[in-house]
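User: Hi! I'm new to reading protein structures. Could you walk me through this one?

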Amino acid sequence: MAELIASGSELDEYWRYPLPANQWIIIGREADHWSVSWDRCVSRQHAKLCWRHGHLKVRRLPTGRNPILLDETASDSFEIDPATNQPTGR
C-alpha cells in the first residue's frame, strides 16, 4: 500500500495517510483530509494526485499559484515511479 507523507517544520505539522488506488485526491491548505494548512507556499487547492499501477500521477490545479518542482524544474503534470524516484515517460 502506498502512503503520502506531508511534514512541516513543527512537530504538529505532519500527517501520513494511505493513498487510495485509482482515485484522484486534492492536496492544499484547505483540502479536507489532505490539508497542509501550515504551508503558505501551497494554495488552498494546489494539486491533484492519483496512485495507479504503482505510479503517482501529479497534476497542478489552475488554482495552484506556485509551481510544483520535479528535478528542480517547474512541471504542471508528471508521473513518477516511487520505487526509483524517477519520472516515467522521459
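Analyst: Happy to! Keep in mind that this is a predicted model.

User: How many bridges pair strand 8 and strand 9?

Analyst: Strand 8 and strand 9 run in the antiparallel sense. Between them lies a hairpin with four residues, where N85 takes a positive phi near 55°. The number of bridges pairing strand 8 and strand 9 is two.

User: What is the order of the strands in the open sheet?

Analyst: The open sheet is built from five strands with antiparallel pairing. Its edge strands, each pairing on one side only, are strand 3 (25–27) and strand 9 (86–87). Reading across the sheet, the order is 3-4-5-8-9.

User: Which residue in strand 8 is the bridge partner of R59?

Analyst: Strand 5 also runs antiparallel to strand 8 (residues 77–81), and four bridges join them. Looking from R59 over to strand 8, the bridge partner is S77.

User: Is K57 buried or exposed?

Analyst: K57 forms a salt bridge with E79, and their closest N and O atoms are 3.3 Å apart. This pair links distant parts of the chain, since K57 is in strand 5 and E79 is in strand 8, 22 residues apart. E79 has a relative accessible area of 22%, so it counts as partly exposed. The cut-off for buried is under 20%, and K57 has a relative accessible area of 17%, so K57 is buried.

User: How far apart in sequence are the parts that E30 and R44 tie together?

Analyst: E30 and R44 form a salt bridge, with the closest N and O atoms 3.4 Å apart. Both E30 and R44 lie in the loop between strand 3 and strand 4, so the pair ties together parts whose separation in sequence is 14 residues.

User: What is the N to O distance in the salt bridge of D76 and R60?

Analyst: D76 sits in the loop between strand 7 (73–74) and strand 8, while R60 is in strand 5, 16 residues apart. D76 is partly exposed at 45% relative accessibility, and R60 is partly exposed with a relative accessible area of 27%. Their side chains meet in a salt bridge with an N to O distance of 2.7 Å.

Terms used. Residues are numbered from 1 along each chain as its sequence is written. This is a predicted model: local features need pLDDT of at least 70, side-chain atom pairs count only at pLDDT 80 or more; totals for chains, interfaces and linings use all residues. Side-chain values use heavy atoms; hydrogens and water are left out. Two strands pair if DSSP finds at least two bridges between them. A salt bridge is a side-chain nitrogen of Lys or Arg within 4 Å of a carboxyl oxygen of Asp or Glu. Buried means under 20% relative accessible area, exposed over 50%, partly exposed in between (1.4 Å probe, protein chains only).
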